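Please open the structure in your viewer and keep the selection tool at hand.

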Amino acid sequence: MPSIRDLYDLQQLDWDIQNREEELADIRARAADDSRRLTAKRQLDALETKLAGLARPRRQAENNIEDIERRIAEIDVRLYDGSVTNPRELEAYQEERANLSGNRGDEEDKLLELMIEADDTQALLDKAREIFERIDGERSRELESLKARHAEVSSELPEFKERRGELVSEQAPMTLAIYEQVRQLRGGQGAALVDRRGLCQGCRLVIPTTELQRVRAGDQVVQCGSCSRILIYA
Ligand SMILES: [Zn+2]
C-alpha cells in the first residue's frame, strides 16, 4: 500500500532533478555566451586594421618628401654650378625651390602626425592585445570548468531518474496524476508539507482542522484549498 507520505520523497527528488536540469541549462547558456571574448577580439582587430591603414599614407608622405628633396637637390646643382645665367630662369628656379620647401614642410608635418597617430594606435593595440589575451585565457579556463561541471551533473541524472521511476511505480496512478498536474501548474511543486498548526508550506495558508486530521491520517489525497498541492503531514 503506497503511502501519501512517500509522495514527499518524490517531490524532493523532483526538486533535485529540476535543480540539476536548471544548472545544466545555465551551464549551456554560459558556454554559448562568448560575447565578452568576441568584443575584446573585435577591438583588437579594429586597432590592427587601423594601424595597417596608417602604413600606406605614411609611405606616401615619405615618398613625396624624397621626391621633393631630389628635385631641390637638382635645382641646387643648377643654381650653384653657374650653368644658369638667364635672370628669369634663375628666378623661376628660386621660386620653384621656395615652393618645394613649403611643400616639404607640409609633407613633414603630415608625416609627423601619421607617426604620432601610429604610436598612439600601437599603444592602444598593445593594451587591447593584453586585455584580449587575459579574457581569452579566462574564457578557456571557464569553458573547461563548465565542461567538467556539465559532465558531473549529467552523470548524476540517470541515477536520479531511475530512483524516480521506482518512486513513481509505487504510487497510485490517480495520486500521481494529481501530483504531476499540480506540479506543472505550481512551479515544480506538486506536494507540500503541512506543519502541526496546519500551515501549508507551499502557500502559507492555514488549512481547517478537519482537513488537517485527514492529512495526518495519510491514507488519502488531500489538496490545499488555496494552492492545490497534495498535503503531507510533516
Ligand atoms: Zn497551499
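A residue is called buried when its relative accessible area is under 20%, exposed when that value is over 50%, and partly exposed in between. By this rule Arg 164, with a relative accessible area of 17%, is buried. Please keep in mind throughout the tour that the model is predicted.

**The two domains**

Begin by colouring residues 34-170 as domain 1 and residues 172-233 as domain 2, which are the two parts into which the protein is divided. The C-alpha centres of domain 1 and domain 2 lie 68 Å apart.

Next, select Arg 164 and Glu 180, whose side chains meet in a salt bridge with a distance of 2.9 Å from N to O. Arg 164 belongs to helix H3 and Glu 180 to helix H4 (residues 173-185), so this pair ties together parts that are 16 residues apart in sequence. While Arg 164 is buried, Glu 180 has a relative accessibility of 24% and therefore counts as partly exposed. Side chains of opposite charge can pair when their charged atoms come close.

**Two pairs along helix H2**

Now move to helix H2 (residues 35-80) and select Lys 41 and Asp 45, which are four residues apart in this helix and so are separated by about one helical turn. Their side chains form a salt bridge, with 2.8 Å from N to O. Asp 45 is partly exposed at a relative accessible area of 30%, and Lys 41 is likewise partly exposed, at 31%.

Staying in helix H2, select Asp 67 and Arg 70, which are three residues apart and again separated by about one helical turn. Here too there is a salt bridge, in which the closest N and O atoms are 3.2 Å apart. Arg 70 is partly exposed, with a relative accessible area of 46%, and Asp 67 is partly exposed at 42%.

**A network of charges**

How many salt bridges does the structure hold? There are 29 salt bridges in the structure. To see several residues linked in a network of salt bridges, select Asp 34, Arg 37, Asp 136, Arg 139 and Glu 142 together.

Glu 108 has a relative accessibility of 38% and so counts as partly exposed.

Note on methods: Residues are numbered from 1 along each chain as its sequence is written. This is a predicted model: local features need pLDDT of at least 70, side-chain atom pairs count only at pLDDT 80 or more; totals for chains, interfaces and linings use all residues. Side-chain values use heavy atoms; hydrogens and water are left out. Buried means under 20% relative accessible area, exposed over 50%, partly exposed in between (1.4 Å probe, protein chains only). Domain bounds come from an automatic or database domain assignment. A salt bridge is a side-chain nitrogen of Lys or Arg within 4 Å of a carboxyl oxygen of Asp or Glu.
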